[in-house]
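Subject: Structure handover

Hello,

Please load it first; the notes on what was found follow below.

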Amino acid sequence: MFMSLSQGNFSAMNPSGPALYDAVLLDRDGTLVEDVPYNGDPEKVRPLPGVREALDRLREAGLRLAVVTNQSGLARGYFTERQMHAVHARIEELLGPFDHWAICPHDDTDGCACRKPAPGLVHEAARALGTAPRRCVLVGDIGRDMAAALAAGATGILVPTPVTRPEEVAEAPAVARDLPGAVAEILGRDRAVRPVVPRAGRAGTVLVARSDSAGDVLVTGPGVRAVAAGAERVVLLCGPRGRAAAELLPGVDEIIEWPLPWIDGSPEPVDPDDMRRLTARLAAVGADEAVVFTSFHQSPLPLALLLRMAGVPRISAISDDYPGSLLDVRHRVPVGVPEPERALSLAAAAGFALPPGDEPVLRLRADLPAPAVDLPAGDYLVVHPGASVPARACPPERCAEIVAALAADGHRVLVTGGPGERELTARVAAAGGTDLGGTTDLAGLARILAGARCLVVGNTGPAHLAAALGTPVVSLFAPTVPFGQWAPYRVPTVRLGDAGAACRDTRTAHCPVAGHPCLSGVDPARVVAAVRRLAPG
């Protein structure tokens, strides 16, 4: 459950601010009704428990509903189109009306673009409902449903059945026990990003903090924009590893760069004089309030103590630990919520919301500086083999094989990396790519990714940079942290890698399993297929 505890700043009123979703897309067999293989008989339609009530909750919330279903029985001649429509009429008689039915009539051998796991049905349903895939949730019972949602940039929630394979459950971005549970998740996440009571006027100076690496700062962007929409001035406190990303965020007026020893992965010893200097610097901001953004395994309380000592009168943060008098708004968030929504929910708990017209997506400043190198012309893909955390990087030899396979498939491949990754990018690019390692800063990389058809990358900052630019991502995702929390947000994505590997949920920085099996087993042919799905020629 989302929960905020504050000193009387909010009361029960209708929520405000942009909603996360416009529509819910639903698989048919195994999600809405019992799975009767190739059913052409309306008399065999049996709704699953609680489905009608769950759908009515969505309708009452103003969400549009569509069914997205593979029906290869048409191609195989097991039933006619007329029989299928009779089945659908019976489903609507029992479960209420749907705003659209998106149906794939093809078999696997037809090579169509609509049969799940392809994203075609999601795109069709979104168009018919007058929205975009990123504003849709797809609820289904097998991995094909989740893959179709991700490839379209939609949210996916899996409701497993006895036929759902364990690996499909492990790979899913979110899992609910049944459709009523999925509906509770959808409505809860939507409520959490909207303030219970909007602010009567603009706040003055608000200090926001996210003292992590570049990717962490980027996924906090929607929360920072929400604060900026309700403040006269926003000052962002970040660490050295996140400074370049902070400079790309809209809504930030000033940046304070300061390493925090309780956040950094390789911290220096706590220096009392340094903490006194930081406290003085925070006091000099003259902030009217502060919003401390953290990741799910971090505590905001050390910084909250310094902010109190700096005289900040109102502080909001997510904290499972008892904060005493350190926080005015203590917000709590379930594990697994996507990091951008986690940040938005904290901003909402503090009374801030995105303004009308600002989508809850990652975004960068419109005035990005020009890159230091000439932008490549023509079509190209980007492979980024490095990662800020070693456990999340695909082995170099496998990245080289991926570059070779993409080049053999006719793609122009650019290999990118930071100044300290030149040896890595040279090794990977030698397989058939163009080496750009160390030639750009983060803003320059953003310019390159903006023109790319697709990015192949691990769970690291450039994945979120691509998401902020709308560039599709083939995510070579090591399962050390939850995919649903750290996946590229609301951008077309294909996830590859062993989601059930022994390193799952360890949060380790260095792979604890010999051979790095979660990513060393990625088949380059599957990367090629993923690129074709996300960026068809």
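This is a predicted model: local features need pLDDT of at least 70, side-chain atom pairs count only at pLDDT 80 or more; totals for chains, interfaces and linings use all residues.

**Helix packing**

H9 passes H13 in a right-handed crossing. Helix H9 covers residues 221-229 and helix H13 covers residues 339-349; they pack at an angle of about 25 degrees, and their axes are 7 Å apart. H9 and H13 are therefore roughly parallel to each other, because angles under 35 degrees are counted that way. On the H9 side the contact is made by Pro-222, Gly-223, Ala-226 and Val-227. These meet Pro-340, Ala-343, Leu-344 and Ala-347 of H13. Sorted by class, the contact of H9 with H13 has seven nonpolar residues, one polar and no charged.

The next pair is H11 (residues 272-285) and H12 (residues 301-309). Their axes come within 8 Å and cross at roughly 60 degrees, so H11 and H12 are oblique to each other. The crossing in which H11 passes H12 is right-handed. H11 brings Met-275, Leu-278, Thr-279 and Leu-282 to the contact, and H12 brings Leu-303, Leu-306, Leu-307 and Met-309.

From H14, Pro-396, Glu-397, Cys-399, Ala-400 and Val-403 meet Leu-424, Arg-427 and Val-428 in H15. Here the classes are six nonpolar, no polar and two charged residues.

**Cores and buried residues**

Which residues touch the most other members of the largest nonpolar core? They are Leu-32, Leu-55, Val-139 and Leu-179, in a core of 95 residues. Helix H16 (residues 442-450) gives the most to this core, namely six residues. Leaving out residues up to four places away in sequence, Leu-179 touches Leu-26, Thr-31, Leu-32, Val-51, Ala-54, Leu-55, Val-139 and Val-159. Another core, of 30 residues, lies apart from the largest one; among its members are Cys-394, Ile-402, Val-494 and Val-531.

Helix H5 (residues 143-152) has eight of its 10 residues buried, so it is largely enclosed by the rest of the structure. The buried ones are Gly-143, Asp-145, Met-146, Ala-148, Ala-149, Leu-150, Ala-151 and Ala-152. Just after H5, Gly-153 takes a positive phi of about 90 degrees.

Is Ser-295 buried or exposed? At 1% relative accessibility, Ser-295 counts as buried, because the cut-off for buried is under 20%. Ser-295 is placed in the loop between strand E10 (289-292) and H12. Apart from neighbours within four places in sequence, Ser-295 is in contact with Arg-210, Glu-339, Arg-342 and Trp-486.

**Backbone points to check**

Most residues other than glycine have a negative phi, and most peptide bonds are trans. The following places depart from that pattern.

- Lys-116 and Pro-117 are joined by a cis peptide bond, with omega about 25 degrees. Pro-117 lies in the loop between strand E4 (100-104) and helix H4 (120-128).
- Asp-505, although not a glycine, has a positive phi of about 60 degrees. Asp-505 is found in the loop between strand E18 (493-496) and helix H19 (517-520). With 45% relative accessibility, Asp-505 counts as partly exposed.
- Arg-507 is another residue other than glycine with a positive phi, in this case near 60 degrees. Arg-507 is in the loop between E18 and H19. Its relative accessible area is 45%, so Arg-507 is partly exposed.

Regards

Definitions and conventions. Residues are numbered from 1 along each chain as its sequence is written. Side-chain values use heavy atoms; hydrogens and water are left out. Axes are lines fitted to C-alpha atoms, for helices over the stretch in contact, and angles run from 0 to 180 degrees between N-to-C directions. Helices (H or I, at least four residues) and strands (E, at least two) are DSSP runs, numbered from the N terminus. Angles under 35 degrees count as roughly parallel, over 145 as roughly antiparallel, 65 to 115 as roughly perpendicular and the rest as oblique. A crossing is left-handed if the near helix is turned anticlockwise from the far one by less than a right angle, and right-handed if clockwise. Contact means heavy atoms within 4.5 Å. Ala, Val, Leu, Ile, Met, Phe, Trp, Tyr, Cys and Pro count as nonpolar, Asp, Glu, Lys and Arg as charged, and the others, Gly among them, as polar. A nonpolar core is a set of buried Ala, Val, Leu, Ile, Met, Phe, Trp, Tyr and Cys residues joined through side-chain atoms within 4.5 Å. Buried means under 20% relative accessible area, exposed over 50%, partly exposed in between (1.4 Å probe, protein chains only).
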